[in-house]
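Dear colleague,

Please find below the structure that I am handing over to you.

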Amino acid sequence: MAAGGGRNAPVCGGERGSRAPQHDGMWKDGGGEQYWSRPECRAWTAVLLLGTCLLYCARVTVPICAVALSAHFGWDKKQSGVVLSSFFWGYCLTQVIGGHISDQIGGEKVLLLSASAWGFLTFITPLLTQITSAHLVFMTCSRFLMGLLQGVYFPSLASLLSQRVRESERAFTYSTVGTGSQFGTLVIGAAGSLLLDWYGWESVFYFSGLLTLLWVYCTCKYLLVEKDLVIPIDYLRRGISISKQSKVPWKQLFKKAPIWAVIVAQLCTASTFCTLLSWLPTFFKETFPESKGWVFNVVPWLVAIPTSLFSGFLSDHLINQGYKTITVRKFMQVIGSGVSSVFALCLGQTSSFCKAIVFASASVGLQTFNHSGISVNVQDLAPSCAGLLFGVGNTGGALLGVVCVYLAGYLMETTGSWISVFNLVAVVNSVGLCVFLVFGEAQRVDTDSAYIDL
């Protein structure tokens with residue numbers, strides 16, 4: 001299942017020859033797949049972990065500063081909801097194309113190109129607010145553009161890991177890299193809260209943008225050779241000819257129930273995570289106004305780091321012990337979507353700050369089990385076009401995220417209660433979990449000989 005063998009050709013993506021040449025230390029299986037050696041895998045895992053961390057540092061700048069921005073520009077909750085949700089409108093538009101390009105030229109190149117752009121945008125955002133009076137329109141457009149640039153990241157990551165990491169090591173690798181989302185939220189929650197109190201909201205943007213640009217520079221300098229850096233530009237020039245070399249059998253792939261199961265589950269979990277990510281800081285600030293920002297912006301994401309690592313270790317361990325891959329994936333998803341939703345419901349019912357921190361930490365922490373569930377299930381099903389399919393699922397998640405984030409603001413504005421927000425999170429998670437439990441599989445669907453000529 002890890003490679004597909006030499007008897008069946010993958011139906012997605014172009015020739016492997018269009019990718020960068022094989023480096024020393026990599027090995028190929030019978031199907032011609034390239035894998036990192038152990039030292040290379042460790043180096044790239046650390047770099048991608050830091051990249052994911054900085055991705056979320058940039059993404060969470062506005063949620064962290066939401067209260068300060070609202071006060072500074074005079075926004076109500078509906079207007080704040082528009083700004084927060086605009087990110088996901090842009091985020092959904094580049095998922096599929098980002099995954100497709102990554103399947104062709106290598107996800108690492110797409111990651112670095114987009115990171116340089118979103119880092120620069122984050123850094124200059126405070127400067128640009130000083131030259132316009134239409135702050136609501138500007139911040140909405142800025143968040144939309146940020147979504148466009150960051151939309152390629154996780155499809156590119158899925159493409160990269162599916163083609164460079166062995167199946168028996170994917171869950172731990174992906175969950176380790178995935179902890180960057182919690183670690184990034186943790187860093188920006190702690191450092192951002194302090195910078196916000198000491199120097200104002202502008203400093204949070206400067207901090208995040210500068211670190212991202214520094215990461216791009218160091219990665220390009222120490223991990224990529226010069227010829228790798230020009231491939232994305234060369235691809236854009238030759239994009240039409242490359243796209244003609246590969247045909248994605250959309251109809252055949254989307255007739256497969258497991259494909260739809262993982263897409264629906266990914267759609268639901270992505271949208272609820274975005275909802276919590278966007279509104280948790282405001283929930284704690286309004287419900288417990290005397291609490292310290294660094295506590296509720298740090299503790300839940302601090303707890304999520306070891307839980308994510310543990311989920312990856314547990315998943316790979318169970319598979320290596322002989323348990324069926326799909327059984328392990330579904331078990332992880334029950335915890336990631338089901339159990340985490342129970343704690344989200346508890347969060348809406350408590351009036352104790354300490355209990356709220358415990359419930360939020362449990363809910364956010366257990367959601368990281370999704371990294372060892374549906375997130376790697378895409379790579380199980382179709383490693384040759386994992387980036388593209390992950391992009392399809394994340395596009396749906398981003399679209400539903402727009403609705404959920406805005407709906408959360410609307411519900412709070414009209415009902416004055418946070419209970420309905422956490423009920424929404426639980427319902428959406430439950431739908432995705434049920435679909436995945438019924439229809440989810442882990443056998444490859446991109447090597448069926450019936451599809452080779454399509």
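Which element gives the most to the lining of the largest cavity? That element is α15, with five residues.

Before the details, a note on the basis of this account. This is a predicted model, in which local features need pLDDT of at least 70 and side-chain atom pairs count only at pLDDT 80 or more, while totals for chains, interfaces and linings use all residues. Residues are numbered from 1 along each chain as its sequence is written, and side-chain values use heavy atoms, with hydrogens and water left out.

The cavities

Seven cavities of 30 Å³ or more are found when the whole structure is searched. A cavity here is a set of points, on a 1 Å grid over the protein atoms alone, where a 1.4 Å probe fits but cannot get out, and its lining residues have an atom within 4 Å of a point. Grid points are joined across faces, edges and corners, and a volume is the space filled by probe spheres set on the points.

The largest cavity has a volume of about 380 Å³. Its lining is made of 23 residues, and those nearest its centre are Y56, A270, F273, H371 and S375. Two or more lining residues come from each of α1 (38-59), α9 (167-199), α15, α20 (374-381) and α21 (386-415). Helices are DSSP runs (H or I, at least four residues), numbered from the N terminus. By class, the lining of the largest cavity holds ten nonpolar, twelve polar and one charged residues. In this scheme Ala, Val, Leu, Ile, Met, Phe, Trp, Tyr, Cys and Pro are nonpolar, Asp, Glu, Lys and Arg are charged, and the others, Gly among them, are polar. Because domain 1 (37-230) and domain 2 (250-453) both give residues to this lining, the largest cavity lies between them; the domain bounds come from an automatic or database domain assignment.

The second largest cavity holds about 60 Å³ of space. Among the residues that line it are V60, T185, L277, P281 and W301. The elements giving two or more residues to this lining are α9 and α15, and the largest share, four residues, comes from α15. Eight of the lining residues are nonpolar, three are polar and none is charged. Domain 1 and domain 2 each supply at least three residues to the lining of the second largest cavity.

Helix α15

The expected span is 1.5 Å times one less than the number of residues. At W279, α15 bends by about 45°, and a proline, P281, follows within four residues. The bend at a residue is the angle between axes fitted to the seven residues ending there and the seven starting there. Since 24 of its 31 residues are buried, α15 is largely enclosed by the rest of the structure. Buried means under 20% relative accessible area (1.4 Å probe, protein chains only).

Other helices and contacts

Helix α17 (residues 299-320) has 22 residues and reaches 33 Å, close to the 32 Å expected. It is followed by G322, whose phi is positive, near 110°. In α18, the end C-alpha atoms are 33 Å apart, which agrees with the 33 Å that its 23 residues should span. A kink of about 25° in α18 is centred on S341.

I326 is placed in α18 (residues 325-347) and is buried, with a relative accessible area of 14%. I326 lies 5.1 Å from A442, C-alpha to C-alpha, although the two are 116 residues apart in sequence.

With kind regards

Note on methods
Buried means under 20% relative accessible area, exposed over 50%, partly exposed in between (1.4 Å probe, protein chains only). On a 1 Å grid over the protein atoms alone, a cavity is a set of points where a 1.4 Å probe fits but cannot get out, and a pocket is an open set with protein on both sides within 12 Å along at least five of seven lines; lining residues have an atom within 4 Å of a point.
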